[in-house]
Amino acid sequence: DPLLQMCSMSASHLNASDMAAYMINCIHQIQSTLAVYEFTDKHIEMLAAQVGNEGRWLKFYIAAKKLRY
């Protein structure tokens with residue numbers, strides 16, 4: 001998906017946790033925009049899965065960071 005690639009490229013300079021949060025925000029904005037169109041349901045589901053992946057990464061990163069301190 002070109003839009004997700006652009007979001008990823010624009011976040012490439014961020015650290016891992018900031019990148020995950022940024023991607024979640026980008027994906028949420030894309031989902032909100034697409035939600036008004038009925039024919040985008042499958043794409044919205046794919047984006048929801050992507051948010052889940054980013055959310056799991058963010059939880060892992062936060063947990064690992066807490067263990068270090």
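**Legends to the close-up views**

**Figure 1. Met23 is in contact with Leu4, Cys7, Ser8 and Glu54 once its neighbours within four places in sequence are left aside.** Contact here means heavy atoms within 4.5 Å. The model is a predicted one, in which local features need pLDDT of at least 70, side-chain atom pairs count only at pLDDT 80 or more, and totals for chains, interfaces and linings use all residues. Residues are numbered from 1 along each chain as its sequence is written, and side-chain values use heavy atoms, with hydrogens and water left out. Glu54, a partner of Met23, is found in helix 3; helices (H or I, at least four residues) and strands (E, at least two) are DSSP runs numbered from the N terminus. Not counting residues up to four places away in sequence, Glu54 touches Ala20 and Ile24 as well as Met23. Glu54 counts as buried because its relative accessibility is 15%, where buried means under 20% relative accessible area, exposed over 50%, and partly exposed in between (1.4 Å probe, protein chains only).

**Figure 2. The largest nonpolar core comprises 9 residues.** Such a core is a set of buried Ala, Val, Leu, Ile, Met, Phe, Trp, Tyr and Cys residues joined through side-chain atoms within 4.5 Å. Its members are Leu4, Cys7, Met23, Cys26, Ile27, Ile30, Leu34, Ile44 and Leu47. The most is given by helix 2, with 5 residues.

**Figure 3. Cys7 and Cys26 are shown with their sulfur atoms.** A search of the whole structure finds 0 disulfides, a disulfide being a pair of cysteine sulfur atoms within 2.5 Å. The cysteine sulfur closest to that of Cys7 belongs to Cys26 and lies 3.4 Å away, so the separation is too far for a bond. Cys26 is accordingly in no disulfide. Cys7 counts as buried because its relative accessibility is 9%, and Cys26 is buried because its relative accessible area is 13%. The place of Cys7 is in helix 1. Leaving aside neighbours within four places in sequence, Cys7 is in contact with Tyr22, Met23, Cys26 and Ile30. From C-alpha to C-alpha, Cys7 and Ala49 are 16 Å apart in space and 42 residues apart in sequence.

**Figure 4. Ser32 lies in helix 2.** Ser32 is partly exposed because its relative accessible area is 37%.

**Figure 5. The chain is summarised as the setting of the close-up views.** The secondary structure comes to 3 helices and 0 strands, and the elements run α-α-α from the N terminus on. Along its principal axes, the C-alpha trace spans about 45 × 20 × 15 Å. Of the 69 residues, 26% count as buried. Among contacts with a separation of 6 or more, 44% are accounted for by residues 24 or more positions apart. The accessible surface comes to about 5100 Å², of which 62% belongs to carbon and sulfur atoms (Shrake-Rupley method, 1.4 Å probe). The mean positions of the 6 positive and 6 negative charges are 16 Å apart; Lys and Arg count as positive and Asp and Glu as negative, without His and the chain ends, each charge being placed at NZ of Lys, CZ of Arg, CG of Asp or CD of Glu.
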